[in-house]
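Welcome! Keep the picture open as you work.

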Amino acid sequence: MKSLTNRKKVVSDKPMTFTEKLYLWAIAKGMMTTFKHMLRKRKTIKYPEEIRVFAPVYRGMHVLKRDEEGRENCTACGLCAVACPAEAITMVANERNKGEEHLYREEKYAETYEINMLRCIFCGLCEEACPKEAVFLTDRIVPTEFERNDFIYGKDKLVEPLDQRIDITKRQHTGKRTKI
Amino acid sequence: MDTGLLIEKSILVVLLFLISLGIAAYSTYFERKLAAWIQDRVGPDRAGPFGILQPIADGTKMFLKEDFIPKNADKWLFIIGPGIAMFTALITSAIIPWGTDLELFGRKIPLQVTDFNIGILYLFAVLSISVYGIMIGGWASNNKYSLYGAIRASSQMISYELAMGISAITIILMSGSLSLSEIVEKQHGMNWNIFYQPVCFLVFFICSLAETNRAPFDLPECENELIGGYHTEYSSMKLGLYLFAEYIAMFISSAVMAILFFGGYNFPGMDAFSGNTLAILSVLAFFTKTFIMIFVFMWIRWTIPRFRFDQLMHLGWKALIPIALINMLVTAIVIAFKEGWFN
């Protein structure tokens, strides 16, 4: 059969000639190969000093967005948890009381909202499922921990702080809708 | 006895000791760097700029490790083993002529600790003793892997010493002297032995690889079969001494090859200089040659896979010794012809 790459070599077991038995030519060839590698440019990225440029569509740690007035978007509908193929998301819903209108946008909100970062496969189906534009994946990296339980992120880590809003526009065209 | 001579020799000895240790330490660093480059990696670069302090970190680590002696090991031999390895590796540097004479304080100081008239014999004697360091260490560990490593080391070193000795005899025939300084002087300028004896050099080089237990002849310490070979049971600085001894041996055998085949401290156009300038330049030339040889040692290690033990013995006894013998005989006949013995 014709090879597609033109690199096919037919193996033969004919006895080696005298020059082949000396191995010197083969060794010299091998040494030239390693020498070429020595002069090559390294592709290593030295991490703490140099940070690799992420693709604009990179899917990293999640964020629970607030709207412009600083109210949480999430209504604990549970669609993200249903969409999640890794079963990483759980939540407990609660009803908004009077006087909490500045905290939650609609009358139902998530009392707890947990994502297990060890289960999560960062597929992004939760943000696709979300009808309220509440959960998004960002370009942030989930940091390492020593304990498994520390990877279960609650609302304290997921909801964006009021004073440092998290920019998701790098990979999202949405998240700017004002009215729902 | 002349006090000046005593002082000058002691300074030279201490200096050589420090240089040998320094070069051995930085050979480990350079070896790791070179391995990394050949494998498209970066290598150690965290300790200091470009990882230059890595050998110091490694040495400190060695000292801080627990010094463990196995329960059933022969305690005294276990301690003596690495000592012998290190000692024999260090004492060979005594006969190596590092450069032309230096003139300081009105004294003529030869850059050689002692000019033996049987320098090469001394070298081979010390090389033979160095087997004992490995042998004793492997035996005293009371571990079968160590013993295997030791047996392999001794059989390999003994078989390769023959071919090495015969190729050294060829060089002795060429220069007509056993003294290393005279052998070097005979190769004045660009009159190096390598141009007359390339086959001899090849045999000697392969044997040097085997003598220093470097890849592709590192069977005594192959990691994947023998878990380190003769130093399996060693820890802390005793292990460090073994590893260091290997690198010093590599440095010394590179130096010996530079002397026997690459003209030692001679360099082309050396007649244009004289006095201390010549001395410094000659030392530089010598170290350049030595470092190139060390580089080739390492380059080969990261290129060629390890031999099987029977292949090693085949190469030693069936290939190298006959080649070395024939080469020696041809050289002897040519020299006898030139001297007019057949007239």
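A nonpolar core is a set of buried Ala, Val, Leu, Ile, Met, Phe, Trp, Tyr and Cys residues joined through C-beta atoms within 7 Å. Please note that this model is predicted.

**Exercise 1.** Find which residues of the largest nonpolar core touch the most other members, and which helix gives the most to this core.

*Solution.* Start with the core itself, which has 83 residues. Those touching the most other members are B:Ala163, B:Cys207, B:Ala245, B:Ile248, B:Phe251, B:Ile259 and B:Leu260. Next, look for the main contributor: helix H9 of chain B, residues 236–261, gives 17 residues. Apart from this core lies another, of 20 residues, including A:Cys74 and A:Tyr113.

**Exercise 2.** List the contacts of B:Ile259, leaving aside neighbours within four places in sequence.

*Solution.* With those neighbours set aside, B:Ile259 is in contact with B:Ile96, B:Leu180, B:Ile183, B:Val184 and B:Gly264.

**Exercise 3.** Work out how strand E3 of chain A pairs with E2(A) and with E5(A).

*Solution.* First take strand E2 (residues 89–95) of chain A: E2 pairs with E3 (residues 108–116) in the antiparallel sense over 7 bridges. In one of these strand pairings, A:Val92 has A:Thr112 of E3(A) as its bridge partner. Then turn to strand E5 (residues 152–153) of chain A, which is joined to E3(A) by 2 bridges and also runs antiparallel to E3(A). There, A:Ile115 stands opposite A:Tyr153.

**Exercise 4.** How many residues of chain A are in contact with chain B?

*Solution.* On chain A, 9 residues are in contact with 9 residues of chain B. The chain A side divides into 3 nonpolar, 4 polar and 2 charged residues.

Technical notes. Residues are numbered from 1 along each chain as its sequence is written. Chains are lettered from A and ligands numbered from 1 in the order in which they are written. This is a predicted model: local features need pLDDT of at least 70, side-chain atom pairs count only at pLDDT 80 or more; totals for chains, interfaces and linings use all residues. Two residues are in contact if their C-beta atoms, placed from the backbone, lie within 7 Å. Ala, Val, Leu, Ile, Met, Phe, Trp, Tyr, Cys and Pro count as nonpolar, Asp, Glu, Lys and Arg as charged, and the others, Gly among them, as polar. A residue is buried if 20 or more other C-beta atoms lie within 10 Å of its own, exposed if 12 or fewer, and partly exposed in between; C-beta atoms are placed from the backbone. Helices (H or I, at least four residues) and strands (E, at least two) are DSSP runs, numbered from the N terminus. Two strands pair if DSSP finds at least two bridges between them.
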